[in-house]
Amino acid sequence: MKVLVYSAKPFEIPYLEAANNGRHQLTFIKNALSSETAIKAIGYKAISMFSSDDASNNVLEKLKDFGVKFVTLRSVGHDNINLFSANSFGIKVANVPAYSPNAIAEHAVAILMSLNRKLNLSNERVKKFNFDLNNLIGFDLNNKTVGILGTGKIGSVMTKIMFGFGCNLLGFDINPNKFLSINYNLKYVSLEEVFKESDIISIHLPLNTETHHLIDKKALDLMKSNCIIVNTARGAVINTKDMIEALEKKHVLGLAMDVYEHERGVFFKDCSLNIPKDDFLIKLNAFPNVIITGHQAFLTDEALNNIAETTIYNLDCWNKNNPSENELHINMPKSKASN
């Protein structure tokens, strides 16, 4: 099968080639999928897209006209593809439902610890041989209350890690996980209680109409002034404008984020010589109590290998005229995991 791989990154190409092992004709391009670049798919039966690509109705209609029959996502999240349109156009869509929950959860812990213990500020000082300890005070995680929004595959791993730190755990999910409650003392409560009681809130939710801007002014006003928010899910779960206002007014202690509401067209690129004209991102980057990583939580050897293998598996199924169990449909239940 001829496959056009959009948004191909140099670091992932070897994994895809190894998983493919010559079975499909893969063509890699660095361009993101968009209304303008959809034309590049002429002559291809399938495409592969990334989380930063645009597969809206207009784009999918063009892909259909160009003869594309299959779309395989190299991600868990699929909020960037219009499944209703894809199904209407007869385009089959599949994702990678669980490539490495550990990678995402471990990164959430890494940016939390870096923010809490001021590791980024400390490292900047030490690089200049400044070993002063002033303004580097953090806090013990032991006995702190951690609210986990979304206890699917990623949230479950986060629960286990925070339990190991000796944290008190609160959870919110439309489908409570009894195993986590029994084995890790996770107490499921309302969103309001998570916001009010947590010292740390870690977000592991998909992006949909219910979770869009879930963390807004109303939610932030309920939080403790010493609360740290960690987001490794989807950027638009947080209302960026409201978050900046809360940081300015010191209504929250800090923000550790791997995803950003307006990251499309910015993340995954070197913008050092052409600073994005994004006042929100510039403001966030200026806060000493904000840590931003460029959507890299998935970036482990294990995760990249699993993404590649599942992507090729989806193509293999379709090439044999078989359905893949990873196919996405508009009537499917909502996933509890994200990214």
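Student: Which residues does serine 100 touch, leaving out those up to four places away in sequence?

Tutor: Keep in mind that this is a predicted model. A contact means heavy atoms within 4.5 Å. Here, serine 100 touches Thr300 and Ala303. Serine 100 itself sits in the loop between β5 (92–94) and α4 (101–116).

Student: Is serine 100 buried or exposed?

Tutor: The cut-off for buried is under 20% relative accessible area. Serine 100 comes in at 12%, so it counts as buried.

Student: How many salt bridges does a search of the whole structure find?

Tutor: To count, a side-chain nitrogen of Lys or Arg has to be within 4 Å of a carboxyl oxygen of Asp or Glu. The search turns up nine salt bridges. One of them pairs arginine 23 with aspartate 316, with the closest N and O atoms 2.9 Å apart. That pair links distant parts of the chain, 293 residues apart: arginine 23 is in the loop between α1 (13–20) and β2 (25–28), and aspartate 316 is in helix α12 (residues 301–319). Arginine 23 is partly exposed at 43%, while aspartate 316 is buried at 16%.

Student: What separates lysine 217 and aspartate 221 in helix α9?

Tutor: About one helical turn, because they are four residues apart in helix α9 (residues 217–222). Lysine 217 and aspartate 221 form a salt bridge too, with their closest N and O atoms 2.8 Å apart. Lysine 217 is partly exposed at 44% relative accessible area, and aspartate 221 is partly exposed at 42%.

Definitions and conventions
Residues numbered from 1 in each chain as written. Predicted model: local features only at pLDDT ≥ 70, side-chain atom pairs only at ≥ 80, totals over all residues. Heavy atoms only, no water. Helix = DSSP H or I, 4+ residues; strand = E, 2+ residues; numbered from the N terminus. Buried < 20%, exposed > 50% of the residue type's maximum accessible area, 1.4 Å probe, protein only.
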